[in-house]
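Reader: Please show me the structure. Then I would like to go through it by question and answer.

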Amino acid sequence: MDREALKTRVLEAIDREGERAIALTKAIGREAELGYKEERTAAKVRRAFEALQLPYRAGLALTGVKAVLRGARPGPTVAILGELDGLPIREHPDWNPETGAVHACGHNAQIGSLIAAASGLLEVREHLAGNVVFFAVPAEEAVEVEWRLSQKAAGRIEFLGGKAELIRLGEFDDIDLAMMVHTSPQASDGLLVTSDTSNGHVIKFVRFLGRSAHAAGAPHHGINALRAAMLALMAIDAQRETFKDADTVRIHPILTKGGDVVNAIPADVRLESFVRGKTVDAIDDANRKFDRAMRAGALALGAAVEITTLPGYLPLHQNQAMLDLFRHNAARIVGAAQVGRKGHIAAGTDMGDVSQIMPAIHPSAAGAAGTGHGADYRIENYEHAVLNPGKALALTALDLLLDDAAKAREILARDRPRMSKEEYLAFLRQMDRIQLFRE
(Lines give C-alpha, C1' and ligand atoms only; values in the text may rest on other atoms or scores of the structure.)
Protein backbone atom coordinates (compact mmCIF):
# COMPACT_ATOMS: atom_id res chain seq x y z
CA MET A 1 0.00 0.00 0.00
CA ASP A 2 1.44 3.39 -0.97
CA ARG A 3 1.90 6.38 1.33
CA GLU A 4 -1.21 8.24 0.22
CA ALA A 5 -3.42 5.20 0.68
CA LEU A 6 -2.02 4.71 4.18
CA LYS A 7 -2.72 8.34 5.02
CA THR A 8 -6.29 7.89 3.84
CA ARG A 9 -6.65 4.90 6.18
CA VAL A 10 -5.35 6.98 9.09
CA LEU A 11 -7.75 9.85 8.40
CA GLU A 12 -10.73 7.53 8.00
CA ALA A 13 -9.94 5.84 11.32
CA ILE A 14 -9.74 9.19 13.11
CA ASP A 15 -13.07 10.23 11.62
CA ARG A 16 -14.64 6.96 12.82
CA GLU A 17 -13.31 7.46 16.36
CA GLY A 18 -13.62 11.25 16.36
CA GLU A 19 -16.67 11.46 18.60
CA ARG A 20 -14.89 9.45 21.31
CA ALA A 21 -11.91 11.83 21.22
CA ILE A 22 -14.22 14.83 21.40
CA ALA A 23 -16.22 13.28 24.26
CA LEU A 24 -12.98 12.72 26.19
CA THR A 25 -11.99 16.36 25.60
CA LYS A 26 -15.30 17.55 26.98
CA ALA A 27 -15.15 15.20 29.96
CA ILE A 28 -11.68 16.42 30.92
CA GLY A 29 -12.87 20.00 30.45
CA ARG A 30 -15.63 19.49 33.01
CA GLU A 31 -13.21 18.28 35.68
CA ALA A 32 -10.01 20.29 35.28
CA GLU A 33 -7.18 19.79 37.78
CA LEU A 34 -3.99 21.67 38.61
CA GLY A 35 -0.49 20.45 37.85
CA TYR A 36 0.86 17.36 39.63
CA LYS A 37 -2.70 16.79 40.94
CA GLU A 38 -4.33 15.52 37.72
CA GLU A 39 -5.50 12.21 39.17
CA ARG A 40 -8.99 12.12 37.63
CA THR A 41 -7.72 13.38 34.29
CA ALA A 42 -5.01 10.72 34.24
CA ALA A 43 -7.62 8.07 35.02
CA LYS A 44 -9.64 9.17 31.98
CA VAL A 45 -6.51 8.89 29.83
CA ARG A 46 -5.80 5.41 31.17
CA ARG A 47 -9.32 4.30 30.27
CA ALA A 48 -8.91 5.74 26.77
CA PHE A 49 -5.66 3.80 26.26
CA GLU A 50 -7.33 0.64 27.55
CA ALA A 51 -10.17 1.10 25.05
CA LEU A 52 -7.55 1.27 22.28
CA GLN A 53 -5.75 -1.77 23.78
CA LEU A 54 -2.55 0.24 24.09
CA PRO A 55 -0.20 -0.85 26.89
CA TYR A 56 0.74 2.03 29.17
CA ARG A 57 2.59 3.03 32.31
CA ALA A 58 1.07 5.49 34.78
CA GLY A 59 2.07 7.58 37.79
CA LEU A 60 5.04 9.12 35.95
CA ALA A 61 6.09 12.38 37.59
CA LEU A 62 3.11 11.72 39.88
CA THR A 63 0.36 11.70 37.24
CA GLY A 64 1.81 11.20 33.75
CA VAL A 65 0.56 8.36 31.53
CA LYS A 66 2.69 6.91 28.72
CA ALA A 67 1.46 4.43 26.11
CA VAL A 68 3.49 2.84 23.33
CA LEU A 69 2.40 1.67 19.89
CA ARG A 70 5.11 -0.64 18.59
CA GLY A 71 5.68 -0.80 14.86
CA ALA A 72 6.36 -3.93 12.85
CA ARG A 73 10.11 -3.28 12.60
CA PRO A 74 12.75 -1.61 14.77
CA GLY A 75 13.37 2.08 14.33
CA PRO A 76 13.25 5.47 16.04
CA THR A 77 10.55 6.44 18.52
CA VAL A 78 8.32 9.43 17.90
CA ALA A 79 6.36 10.91 20.81
CA ILE A 80 3.03 12.71 20.56
CA LEU A 81 2.39 14.71 23.73
CA GLY A 82 -0.66 16.17 25.42
CA GLU A 83 -0.85 18.06 28.69
CA LEU A 84 -3.06 17.13 31.63
CA ASP A 85 -3.33 20.30 33.73
CA GLY A 86 -5.58 23.32 33.92
CA LEU A 87 -5.34 26.82 35.40
CA PRO A 88 -6.65 28.49 38.58
CA ILE A 89 -8.83 31.14 36.84
CA ARG A 90 -11.51 31.65 39.48
CA GLU A 91 -13.64 34.09 37.47
CA HIS A 92 -14.07 31.59 34.62
CA PRO A 93 -17.66 30.26 34.53
CA ASP A 94 -16.38 26.67 34.31
CA TRP A 95 -13.91 26.99 37.19
CA ASN A 96 -14.17 23.91 39.40
CA PRO A 97 -14.19 24.93 43.09
CA GLU A 98 -13.36 21.38 44.15
CA THR A 99 -10.11 21.18 42.18
CA GLY A 100 -9.41 24.93 41.86
CA ALA A 101 -8.91 24.62 38.10
CA VAL A 102 -10.38 25.25 34.68
CA HIS A 103 -9.14 24.40 31.19
CA ALA A 104 -8.54 27.97 30.05
CA CYS A 105 -5.64 27.02 27.78
CA GLY A 106 -7.00 24.04 25.87
CA HIS A 107 -4.91 21.23 27.33
CA ASN A 108 -7.99 19.02 27.32
CA ALA A 109 -8.08 19.34 23.52
CA GLN A 110 -4.46 18.21 23.37
CA ILE A 111 -5.43 14.98 25.13
CA GLY A 112 -8.30 14.50 22.69
CA SER A 113 -5.90 15.03 19.77
CA LEU A 114 -3.45 12.54 21.26
CA ILE A 115 -6.16 9.86 21.46
CA ALA A 116 -7.38 10.72 17.94
CA ALA A 117 -3.83 10.33 16.59
CA ALA A 118 -3.46 7.00 18.38
CA SER A 119 -6.68 5.66 16.87
CA GLY A 120 -5.42 6.57 13.40
CA LEU A 121 -1.92 5.16 13.73
CA LEU A 122 -3.20 1.86 15.10
CA GLU A 123 -4.60 1.25 11.61
CA VAL A 124 -1.15 1.29 10.00
CA ARG A 125 1.15 -0.08 12.71
CA GLU A 126 2.28 -2.96 10.46
CA HIS A 127 3.87 -0.37 8.13
CA LEU A 128 5.86 1.47 10.81
CA ALA A 129 9.59 1.07 11.41
CA GLY A 130 9.81 2.24 14.99
CA ASN A 131 7.42 3.16 17.77
CA VAL A 132 4.99 5.93 18.62
CA VAL A 133 4.69 7.04 22.25
CA PHE A 134 1.47 8.75 23.32
CA PHE A 135 2.41 10.73 26.39
CA ALA A 136 -0.04 12.57 28.65
CA VAL A 137 2.22 14.79 30.74
CA PRO A 138 1.56 16.78 33.94
CA ALA A 139 2.17 20.30 35.15
CA GLU A 140 2.88 22.44 32.10
CA GLU A 141 1.42 25.53 33.76
CA ALA A 142 3.95 26.78 36.32
CA VAL A 143 1.39 27.77 38.96
CA GLU A 144 1.08 27.23 42.71
CA VAL A 145 4.80 27.80 43.09
CA GLU A 146 4.77 27.68 46.89
CA TRP A 147 2.83 24.38 46.90
CA ARG A 148 5.21 22.84 44.35
CA LEU A 149 8.13 23.96 46.50
CA SER A 150 6.57 21.97 49.35
CA GLN A 151 6.43 18.91 47.06
CA LYS A 152 10.06 19.50 46.14
CA ALA A 153 11.01 19.72 49.82
CA ALA A 154 9.15 16.47 50.46
CA GLY A 155 11.15 14.74 47.72
CA ARG A 156 8.12 14.05 45.51
CA ILE A 157 9.46 16.16 42.63
CA GLU A 158 12.66 18.03 41.84
CA PHE A 159 11.48 20.35 39.08
CA LEU A 160 8.34 22.47 39.04
CA GLY A 161 7.60 21.77 35.36
CA GLY A 162 6.29 18.38 34.30
CA LYS A 163 8.46 17.78 31.25
CA ALA A 164 11.66 18.68 33.09
CA GLU A 165 10.69 16.22 35.82
CA LEU A 166 9.98 13.51 33.25
CA ILE A 167 13.34 14.16 31.56
CA ARG A 168 15.03 13.80 34.97
CA LEU A 169 13.22 10.52 35.58
CA GLY A 170 14.42 9.12 32.26
CA GLU A 171 10.99 9.01 30.63
CA PHE A 172 12.33 10.71 27.49
CA ASP A 173 15.36 8.43 27.24
CA ASP A 174 13.54 6.09 24.86
CA ILE A 175 12.15 8.92 22.69
CA ASP A 176 13.99 10.31 19.66
CA LEU A 177 11.61 12.97 18.30
CA ALA A 178 8.66 14.73 19.94
CA MET A 179 5.70 16.83 18.89
CA MET A 180 2.45 18.29 20.16
CA VAL A 181 -0.13 20.91 19.16
CA HIS A 182 -1.50 23.73 21.32
CA THR A 183 -5.06 25.04 20.96
CA SER A 184 -5.24 28.73 20.08
CA PRO A 185 -8.09 31.27 20.20
CA GLN A 186 -6.52 33.20 17.30
CA ALA A 187 -8.42 31.75 14.34
CA SER A 188 -7.21 34.58 12.10
CA ASP A 189 -3.74 32.96 12.09
CA GLY A 190 -5.11 29.85 10.35
CA LEU A 191 -6.69 26.54 11.28
CA LEU A 192 -3.27 24.93 11.79
CA VAL A 193 -0.30 27.18 12.48
CA THR A 194 3.45 26.74 12.92
CA SER A 195 5.80 29.14 14.68
CA ASP A 196 9.55 29.46 15.09
CA THR A 197 10.57 30.07 18.70
CA SER A 198 9.10 31.06 22.07
CA ASN A 199 10.31 32.64 25.28
CA GLY A 200 11.85 30.77 28.16
CA HIS A 201 11.70 31.86 31.78
CA VAL A 202 12.90 31.45 35.34
CA ILE A 203 10.50 31.21 38.27
CA LYS A 204 10.84 33.53 41.25
CA PHE A 205 9.47 33.11 44.76
CA VAL A 206 10.23 36.03 47.05
CA ARG A 207 9.60 36.56 50.78
CA PHE A 208 9.89 40.04 52.30
CA LEU A 209 10.55 39.68 56.02
CA GLY A 210 9.78 42.64 58.30
CA ARG A 211 8.71 43.06 61.91
CA SER A 212 5.15 42.98 63.20
CA ALA A 213 3.73 45.74 65.38
CA HIS A 214 0.32 47.26 66.10
CA ALA A 215 -0.71 48.94 62.85
CA ALA A 216 -2.38 51.87 64.60
CA GLY A 217 -0.95 52.03 68.12
CA ALA A 218 2.76 51.53 67.40
CA PRO A 219 3.51 51.28 63.66
CA HIS A 220 6.92 52.88 64.28
CA HIS A 221 8.01 49.69 66.03
CA GLY A 222 7.37 47.61 62.92
CA ILE A 223 9.08 47.04 59.58
CA ASN A 224 6.44 46.94 56.87
CA ALA A 225 7.20 44.06 54.52
CA LEU A 226 4.24 44.93 52.30
CA ARG A 227 5.58 48.41 51.60
CA ALA A 228 8.97 46.87 50.86
CA ALA A 229 7.30 44.62 48.28
CA MET A 230 5.40 47.57 46.80
CA LEU A 231 8.64 49.50 46.35
CA ALA A 232 10.24 46.44 44.76
CA LEU A 233 7.39 46.20 42.26
CA MET A 234 7.80 49.88 41.41
CA ALA A 235 11.51 49.28 40.89
CA ILE A 236 10.67 46.49 38.42
CA ASP A 237 8.44 48.89 36.49
CA ALA A 238 11.26 51.44 36.40
CA GLN A 239 13.50 48.83 34.75
CA ARG A 240 11.20 48.15 31.81
CA GLU A 241 12.75 50.75 29.51
CA THR A 242 16.09 48.96 29.89
CA PHE A 243 14.82 45.77 28.25
CA LYS A 244 15.55 45.43 24.55
CA ASP A 245 12.50 44.94 22.33
CA ALA A 246 14.26 42.11 20.48
CA ASP A 247 14.61 40.17 23.76
CA THR A 248 10.79 40.09 24.36
CA VAL A 249 11.31 40.30 28.12
CA ARG A 250 8.17 39.86 30.20
CA ILE A 251 8.03 40.17 34.01
CA HIS A 252 4.61 39.76 35.65
CA PRO A 253 4.71 39.37 39.45
CA ILE A 254 1.78 38.71 41.77
CA LEU A 255 1.48 39.08 45.54
CA THR A 256 0.35 35.78 47.04
CA LYS A 257 0.42 36.96 50.65
CA GLY A 258 0.15 40.58 51.79
CA GLY A 259 0.25 40.05 55.56
CA ASP A 260 -1.62 38.10 58.22
CA VAL A 261 -4.11 40.47 59.88
CA VAL A 262 -5.19 43.98 59.03
CA ASN A 263 -4.32 45.48 62.44
CA ALA A 264 -0.69 44.32 62.44
CA ILE A 265 2.19 45.63 60.36
CA PRO A 266 2.81 42.96 57.67
CA ALA A 267 5.94 41.02 58.55
CA ASP A 268 5.75 38.17 56.00
CA VAL A 269 4.83 39.13 52.44
CA ARG A 270 5.22 36.77 49.49
CA LEU A 271 5.50 37.29 45.79
CA GLU A 272 5.72 35.04 42.76
CA SER A 273 6.87 35.99 39.28
CA PHE A 274 8.19 34.74 35.98
CA VAL A 275 11.12 36.44 34.30
CA ARG A 276 10.76 35.66 30.61
CA GLY A 277 12.98 36.29 27.61
CA LYS A 278 13.78 35.10 24.11
CA THR A 279 17.26 33.82 24.95
CA VAL A 280 19.07 32.50 27.99
CA ASP A 281 21.23 35.65 28.02
CA ALA A 282 18.15 37.91 27.97
CA ILE A 283 16.59 35.95 30.82
CA ASP A 284 19.81 36.17 32.83
CA ASP A 285 20.04 39.95 32.36
CA ALA A 286 16.41 40.52 33.33
CA ASN A 287 16.76 38.17 36.28
CA ARG A 288 19.67 40.17 37.70
CA LYS A 289 17.58 43.35 37.42
CA PHE A 290 14.66 41.61 39.10
CA ASP A 291 16.81 40.57 42.06
CA ARG A 292 18.25 44.06 42.32
CA ALA A 293 14.74 45.54 42.48
CA MET A 294 13.71 43.11 45.23
CA ARG A 295 16.77 43.99 47.27
CA ALA A 296 16.17 47.72 46.77
CA GLY A 297 12.61 47.51 48.08
CA ALA A 298 13.77 45.62 51.15
CA LEU A 299 16.70 47.95 51.78
CA ALA A 300 14.48 51.04 51.70
CA LEU A 301 12.35 49.73 54.57
CA GLY A 302 15.04 47.88 56.48
CA ALA A 303 13.42 44.53 55.73
CA ALA A 304 15.10 41.30 54.76
CA VAL A 305 14.31 39.58 51.48
CA GLU A 306 14.66 35.92 50.59
CA ILE A 307 14.80 35.31 46.84
CA THR A 308 14.26 31.79 45.52
CA THR A 309 15.20 31.29 41.89
CA LEU A 310 13.95 28.16 40.18
CA PRO A 311 14.44 26.80 36.68
CA GLY A 312 11.37 27.45 34.60
CA TYR A 313 11.32 26.65 30.90
CA LEU A 314 14.00 27.01 28.25
CA PRO A 315 13.28 28.77 24.94
CA LEU A 316 11.58 26.68 22.27
CA HIS A 317 13.60 25.85 19.14
CA GLN A 318 11.77 23.76 16.56
CA ASN A 319 13.12 21.33 13.99
CA GLN A 320 12.49 22.75 10.54
CA ALA A 321 12.29 19.42 8.72
CA MET A 322 9.59 18.23 11.11
CA LEU A 323 7.73 21.53 10.70
CA ASP A 324 7.85 21.10 6.92
CA LEU A 325 6.28 17.65 7.23
CA PHE A 326 3.61 18.99 9.57
CA ARG A 327 2.78 21.88 7.24
CA HIS A 328 2.49 19.53 4.26
CA ASN A 329 0.08 17.29 6.14
CA ALA A 330 -1.83 20.25 7.57
CA ALA A 331 -2.45 21.50 4.03
CA ARG A 332 -3.98 18.14 3.14
CA ILE A 333 -6.35 18.41 6.09
CA VAL A 334 -7.41 22.08 6.10
CA GLY A 335 -6.14 23.44 2.77
CA ALA A 336 -2.92 25.36 2.19
CA ALA A 337 -4.63 28.73 2.66
CA GLN A 338 -5.54 27.77 6.24
CA VAL A 339 -2.01 26.77 7.26
CA GLY A 340 -0.55 29.80 9.02
CA ARG A 341 2.96 30.71 10.08
CA LYS A 342 4.13 32.87 12.98
CA GLY A 343 7.55 33.93 14.17
CA HIS A 344 8.52 34.31 17.81
CA ILE A 345 5.97 33.89 20.61
CA ALA A 346 6.45 35.73 23.91
CA ALA A 347 4.69 33.02 25.90
CA GLY A 348 6.61 29.92 26.93
CA THR A 349 6.21 26.17 27.22
CA ASP A 350 8.19 23.36 28.78
CA MET A 351 8.20 21.81 25.32
CA GLY A 352 11.12 24.22 24.97
CA ASP A 353 13.05 21.99 27.37
CA VAL A 354 12.33 18.94 25.22
CA SER A 355 13.47 20.88 22.14
CA GLN A 356 16.87 21.42 23.75
CA ILE A 357 17.64 17.70 23.85
CA MET A 358 15.91 16.28 20.73
CA PRO A 359 14.15 17.36 17.53
CA ALA A 360 10.73 18.71 18.47
CA ILE A 361 7.85 20.82 17.16
CA HIS A 362 4.97 22.66 18.82
CA PRO A 363 2.43 24.01 16.29
CA SER A 364 -1.01 25.33 17.23
CA ALA A 365 -4.59 24.74 16.11
CA ALA A 366 -7.68 26.92 15.94
CA GLY A 367 -10.94 25.97 17.59
CA ALA A 368 -10.90 28.08 20.74
CA ALA A 369 -12.34 31.53 21.37
CA GLY A 370 -11.79 34.23 23.95
CA THR A 371 -8.49 35.01 25.64
CA GLY A 372 -5.90 32.40 26.53
CA HIS A 373 -5.67 32.09 30.32
CA GLY A 374 -8.74 34.34 30.51
CA ALA A 375 -12.23 34.06 31.96
CA ASP A 376 -13.79 33.92 28.48
CA TYR A 377 -11.59 31.16 27.00
CA ARG A 378 -13.56 28.25 25.60
CA ILE A 379 -13.34 25.59 22.91
CA GLU A 380 -16.10 26.24 20.43
CA ASN A 381 -15.13 24.05 17.44
CA TYR A 382 -14.01 20.57 18.44
CA GLU A 383 -13.24 19.45 14.91
CA HIS A 384 -10.70 22.26 14.61
CA ALA A 385 -9.32 21.93 18.15
CA VAL A 386 -9.21 18.13 18.46
CA LEU A 387 -9.53 16.26 15.17
CA ASN A 388 -7.50 18.51 12.84
CA PRO A 389 -4.38 18.48 15.04
CA GLY A 390 -4.82 14.77 15.77
CA LYS A 391 -4.85 14.09 12.05
CA ALA A 392 -1.84 16.33 11.34
CA LEU A 393 0.19 14.73 14.13
CA ALA A 394 -0.71 11.21 13.04
CA LEU A 395 0.20 11.86 9.39
CA THR A 396 3.48 13.47 10.43
CA ALA A 397 4.36 10.48 12.61
CA LEU A 398 3.50 8.22 9.67
CA ASP A 399 5.81 10.18 7.35
CA LEU A 400 8.62 9.89 9.88
CA LEU A 401 8.35 6.11 10.29
CA LEU A 402 7.50 4.86 6.78
CA ASP A 403 10.13 3.47 4.41
CA ASP A 404 12.21 2.03 7.25
CA ALA A 405 11.85 5.39 9.05
CA ALA A 406 14.01 7.07 6.41
CA LYS A 407 12.81 10.59 7.23
CA ALA A 408 13.21 10.19 10.98
CA ARG A 409 16.69 8.74 10.52
CA GLU A 410 17.65 11.62 8.23
CA ILE A 411 16.47 14.20 10.76
CA LEU A 412 18.30 12.49 13.59
CA ALA A 413 21.49 12.30 11.54
CA ARG A 414 21.39 16.03 10.80
CA ASP A 415 20.02 17.41 14.06
CA ARG A 416 22.48 18.45 16.76
CA PRO A 417 20.77 18.84 20.14
CA ARG A 418 21.74 21.98 22.02
CA MET A 419 22.33 19.95 25.16
CA SER A 420 22.70 16.36 26.24
CA LYS A 421 20.34 15.20 28.97
CA GLU A 422 23.18 15.45 31.48
CA GLU A 423 24.09 18.97 30.37
CA TYR A 424 20.44 19.98 30.51
CA LEU A 425 19.94 18.74 34.07
CA ALA A 426 23.19 20.36 35.21
CA PHE A 427 22.09 23.65 33.65
CA LEU A 428 18.74 23.59 35.48
CA ARG A 429 20.31 22.69 38.80
CA GLN A 430 22.84 25.52 38.71
CA MET A 431 19.92 27.98 38.40
CA ASP A 432 18.21 26.63 41.53
CA ARG A 433 19.17 28.79 44.51
CA ILE A 434 17.90 30.62 47.60
CA GLN A 435 19.51 33.92 48.63
CA LEU A 436 18.80 35.90 51.80
CA PHE A 437 19.63 39.62 51.90
CA ARG A 438 19.58 41.77 55.04
CA GLU A 439 20.35 45.42 55.66
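The questions below go through helices, strands and salt bridges in turn.

Author: This is a predicted model, in which local features need pLDDT of at least 70, side-chain atom pairs count only at pLDDT 80 or more, and totals for chains, interfaces and linings use all residues. Residues are numbered from 1 along each chain as its sequence is written, and side-chain values use heavy atoms, with hydrogens and water left out.

Reader: What span does helix 6 reach from its first C-alpha to its last?

Author: Helices (H or I, at least four residues) and strands (E, at least two) are DSSP runs, numbered from the N terminus. Helix 6 covers residues 225-239, which is 15 residues. The expected span is 1.5 Å times one less than the number of residues. Helix 6 is close to the expected 21 Å, reaching 21 Å.

Reader: Which residues of helix 6 are buried, and what arc do they cover?

Author: Buried means under 20% relative accessible area, exposed over 50%, and partly exposed in between (1.4 Å probe, protein chains only). The buried residues of helix 6 are A225, A228, A229, A232, I236 and Q239. They lie on the same side of helix 6, because their arc around the axis is only 100 degrees. The arc is taken from the directions from the helix axis to the C-beta atoms.

Reader: Which residues are exposed on the other side of helix 6?

Author: The buried residues pack against strand 8 (197-209), strand 9 (250-251), strand 10 (254-257), strand 11 (268-277) and helix 7 (280-301). On the other side of helix 6, the exposed residues are M234 and A238.

Reader: Which backbone nitrogen does N224 reach at the start of helix 6?

Author: A side-chain oxygen of N224 does the reaching. It comes to within 3.0 Å of the backbone nitrogen of L226.

Reader: Is N329 buried or exposed?

Author: N329 sits in helix 8 (residues 320-334). Leaving out residues up to four places away in sequence, N329 touches K7, A392, L395, T396 and D399. Contact here means heavy atoms within 4.5 Å. With a relative accessible area of 0%, N329 is buried.

Reader: Which side chain does E83 join in a polar contact?

Author: E83 belongs to strand 3 (residues 73-83), and E83 is buried at a relative accessible area of 1%. Its contacts beyond four places in sequence include H107, E140, H182 and D350. A polar contact is a pair of N or O atoms within 3.5 Å; within protein, one must be able to donate a hydrogen and the other to accept it, and residues adjacent in sequence count only if both atoms are side-chain atoms. At 2.6 Å, the side chain joined to E83 is that of K163.

Reader: How many salt bridges are there?

Author: A salt bridge is a side-chain nitrogen of Lys or Arg within 4 Å of a carboxyl oxygen of Asp or Glu. E146, R207, K257, D260, D268, R270 and E306 are linked in a network of them. By this rule the count is 38.

Reader: Is K391 buried or exposed?

Author: K391 forms a salt bridge with D15, the closest N and O atoms being 2.8 Å apart. That pair links helix 10, which holds K391, to helix 1, which holds D15. D15 is partly exposed at 46%. At 10% relative accessibility, K391 is buried.

Reader: Where does E171 lie?

Author: The side chains of E171 and K66 meet in a salt bridge of 3.2 Å, N to O. Both are buried. K66 is in strand 2 (residues 64-70), so the pair ties together parts 105 residues apart in sequence, with E171 in the loop between helix 5 (162-168) and strand 5 (177-179).

Reader: Which residue stands opposite V65 in strand 4?

Author: Two strands pair if DSSP finds at least two bridges between them. Strand 2 runs antiparallel to strand 1 (residues 56-60), with four bridges, and antiparallel to strand 4 (residues 129-137), with six bridges. Six of the seven residues of strand 2 are buried, so it is largely enclosed by the rest of the structure. In strand 4, the residue opposite V65 is A136.
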